Amino acid sequence: VLERFRFDNVTVRAPQEVLFDEAFGTAEIGADLTLSGTAAEPRLEGQAQTLSGSIRFSGQDFTLERAVAEFDPARGALPTLNLAATASFDKGRALGNLDDNGQTSFVEPPPTDPNFDVQLAISGGFERGISGRPALDLSPTLSSGAQIQEAGTPGPRPLSETELVSLLTLGRLQLDTAVGGDNSLAGTALE
């Protein structure tokens, strides 16, 4: 029955005020799409992008800078996704006891700024799984322009992605961490 219902290049334009509200985020979205195919196998072409919003990642709210869902009719109605978001963190809280002994400090952003930003980038999309059903496959990446100076080191250095993961997981930075093994992020999270 669904195969009989055909879409003949139906244009869907919503320049603003399409609201998205889910447990993992909220956004106002604008869309410019063309719908073709059948109700059984719809095909979308075009894009939907955020005008404003936020996303929750690893327990932290990030402000959306840009989020785009690209639709290619060859993929049916399944989009590819690209997202960029930013969250601000308090330097003193992030350093925790590392700041108490004066061995580690932020040099970028300047000491007069109490916060630093962490950028989240997510890319990927829906892929057909073994069962033929769509599965979401996303790759997140964390980065920051912040730099720290550790006592006894020749100069400042950027925070590693693993250290930024420790910030999201533990609420503070754990420097020079590994994901598993002795003195690892996983071990500290279990303490």
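Among the elements of this predicted protein model, strand β5 has the highest mean pLDDT (96) and helix α4 (residues 185-190) the lowest (42), pLDDT being the predictor's confidence in each residue, from 0 to 100. Across residues 183-191 the pLDDT is below 50. Where pLDDT is low, the predicted coordinates should not be read in detail. The protein as a whole has a mean pLDDT of 87, and 89% of its residues reach 70 or more.

**Basis of the values**
- Residues are numbered from 1 along each chain as its sequence is written, and side-chain values use heavy atoms, without hydrogens and water.
- Local features need pLDDT of at least 70 and side-chain atom pairs pLDDT 80 or more, while totals for chains, interfaces and linings use all residues.

- Leaving aside residues up to four places away in sequence, F116 touches residues including F89, F106, L159 and L167, with contact meaning heavy atoms within 4.5 Å.

**Largest pocket**
- The largest pocket has a volume of about 650 Å³.
- Of its 27 lining residues, F20, F24, A67, L81 and L83 are the closest to its centre.
- Strand β3 gives the most to this lining, with seven residues.
- The lining comprises 20 nonpolar residues, six polar and one charged.

Definitions and conventions: On a 1 Å grid over the protein atoms alone, a cavity is a set of points where a 1.4 Å probe fits but cannot get out, and a pocket is an open set with protein on both sides within 12 Å along at least five of seven lines; lining residues have an atom within 4 Å of a point. Grid points are joined across faces, edges and corners, and a volume is the space filled by probe spheres set on the points. Helices (H or I, at least four residues) and strands (E, at least two) are DSSP runs, numbered from the N terminus. Ala, Val, Leu, Ile, Met, Phe, Trp, Tyr, Cys and Pro count as nonpolar, Asp, Glu, Lys and Arg as charged, and the others, Gly among them, as polar.
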